[in-house]
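Visitor: I would like to learn how to read a few features of a structure, taking each idea in general and then in the case before us. Could we go through it together?

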Amino acid sequence: MLTLEEARRNVIEHIGNKISSRAIVGVSVWDALGLVLMEEVKTDREYPPFDRSTRDGYVVRAKEVAPGAKLKCVGEIKAGDTVSEPLARATCMQIMTGAAIPPGADAIVMIEHTQREGGVVRFERAVQAGQNIVPRGSEAAAGQTLLRPGMRLGYAELALAAQVGAVELECAKRPRVAILSTGDEVVPVEEAPGPFQIRNSNSVSLAAQVRIAGGEPVVLGNAADRVEDLGEKIERGLKEDALVLSGGVSMGKYDLVEKVLKVMGAEFYFDAVAIRPGKPAVFGICQGKPVFGLPGNPVSTMVTFELFVAPAIDLLGGAEARALPLTEARLGEALNEKPGLTHFLPAQVEWHGRTPEVKALKWQGSGDIAALANANCFLVVPADRDKIAVGERVSVLLRKDVV
Ligand code: AMP
Ligand code: MG
């Protein structure tokens, strides 16, 4: 049985070696959120393109301003105004945030530090040369690379591309991830389950997780716990870039996923990880495609997806495998877990004042989706710890979709 870190490294190594070149598409900057960039984006000019005021106030020669000094105000400069005339000696001009600095001027005095007396401005304090000005080219030189292949495009990256006029971006196509649930008891979510059946909620959570991770879900429905049905649907799934199964990987007589995959030529790199929930998680490569067999208990499926499938989607999509969204918090309520496995407990982290504080929520184990729906993180209890006292520092795995 691998540790959590070994299992993640294993996924990253095996998929990293397998990646074929990604199909690339041109995407409008309005539609590229979450995609992986496949080109360099460079500046079209210097940034800022002119010496820019960062305040509303008066533009001056710094050496002419002292407490009590008065300067004649000879006009105003708005953001967007063309500026070419130098500032005449012993004068100032009113200037707005985002406007260009005229030649000869070297500082902006905030309006709050001045008094207007008709055509004259009285200054309350001195100002340093350069104050409240962002010099031309100080954010980026002309032709400088700002974004690189492999970067995932979030709102800041998209704004940066837009700023330099890159309105169409070469991006990797989203990897297509087949989702197949298994189990004789599982019915489609649109249908009414019989008294001993359950709805296929795993396909819903997995489709959402695939999307958030940057993939395109291809939902294949459910396979019965029978070799033929599993075989057919797995074969369909192997047409996509990766296949994620839920259920059928434990020790039960009808847990047939590994057996069927093996017959189809899968090579397995692990089939157990020292975590709870999620211990029976399986990872392998079958007919050249990464395959994940995630345990069927809903919270196990969700946790193992975040730990193992999300980084795989990064790699398949041309990005680096993301780090786990871990942070540290102060434990708010004592814990007592069995040692030997790394535990992930649905928990709520709250930021009061300086230190985040985390409390595990009451739950009935890995079938309890309601507990997770009230959680914004998992509290991570390391395999070598059992009792943890209030106030100790613990690791927290954030649910990035809700925090
Ligand atoms: P398994 O991993 O197949 O042994 O399933 C473990 C538990 O998860 C059982 O209680 C199943 O009924 C439940 N389960 C399996 N598949 C799903 C699914 N697609 N949606 C919701 N629960 C499931
Ligand atoms: Mg099952």
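Visitor: Leaving aside its neighbours within four places in sequence, which residues is S246 in contact with?

Guide: Please keep in mind that this is a predicted model. A contact here means heavy atoms within 4.5 Å. Once neighbours within four places in sequence are set aside, S246 is in contact with L180, S181, T182, N202, L206, L294, G296 and T301. The residue itself is found in strand β17, which covers residues 242–246.

Visitor: Is S246 buried or exposed, and with which side chain does its own side chain make a polar contact?

Guide: Burial is read from relative accessible area, with under 20% counting as buried. S246 has 2% relative accessibility and therefore counts as buried, while its side chain makes a polar contact with the side chain of N202 at 3.3 Å.

Visitor: How should I read a helix such as α1, and which of its residues are buried?

Guide: One may begin with the span: α1 runs over residues 4–18, has 15 residues, and reaches 22 Å from its first C-alpha to its last, close to the 21 Å expected at 1.5 Å a residue. Its buried residues are L4, A7, R8, N10, V11 and I15. Seen down the axis of α1, these buried residues fall within an arc of 155°, so they line one face of the helix. On the other side of α1, R9 and N17 are exposed.

Visitor: What covers the buried residues of α1?

Guide: The cover includes the strands β18 (267–270), β19 (275–276), β20 (282–286), β21 (289–294) and β24 (342–352), together with helix α6 (298–316).

Visitor: Turning to aromatic rings, how many aromatic pairs does the structure hold?

Guide: It holds six aromatic pairs. In one of them, the rings of Y58 and F123 have their centres 6.5 Å apart and their planes at 85°, so this pair is edge-to-face. Since Y58 lies in strand β4 (residues 57–60) and F123 in strand β9 (residues 120–123), the pair ties together parts that are 65 residues apart in sequence. Y58 counts as buried at 3% relative accessibility, and F123 is buried with a relative accessible area of 0%.

Notes
Residues are numbered from 1 along each chain as its sequence is written. Chains are lettered from A and ligands numbered from 1 in the order in which they are written. This is a predicted model: local features need pLDDT of at least 70, side-chain atom pairs count only at pLDDT 80 or more; totals for chains, interfaces and linings use all residues. Side-chain values use heavy atoms; hydrogens and water are left out. Helices (H or I, at least four residues) and strands (E, at least two) are DSSP runs, numbered from the N terminus. The expected span of a helix is 1.5 Å times one less than its number of residues. Buried means under 20% relative accessible area, exposed over 50%, partly exposed in between (1.4 Å probe, protein chains only). The arc is that of the directions from the helix axis to the C-beta atoms. Rings of Phe, Tyr and Trp (its six-membered ring) pair if their centres lie within 6.5 Å; planes under 30 degrees apart count as stacked, over 60 as edge-to-face and the rest as tilted. A polar contact is a pair of N or O atoms within 3.5 Å; within protein, one must be able to donate a hydrogen and the other to accept it, and residues adjacent in sequence count only if both atoms are side-chain atoms.
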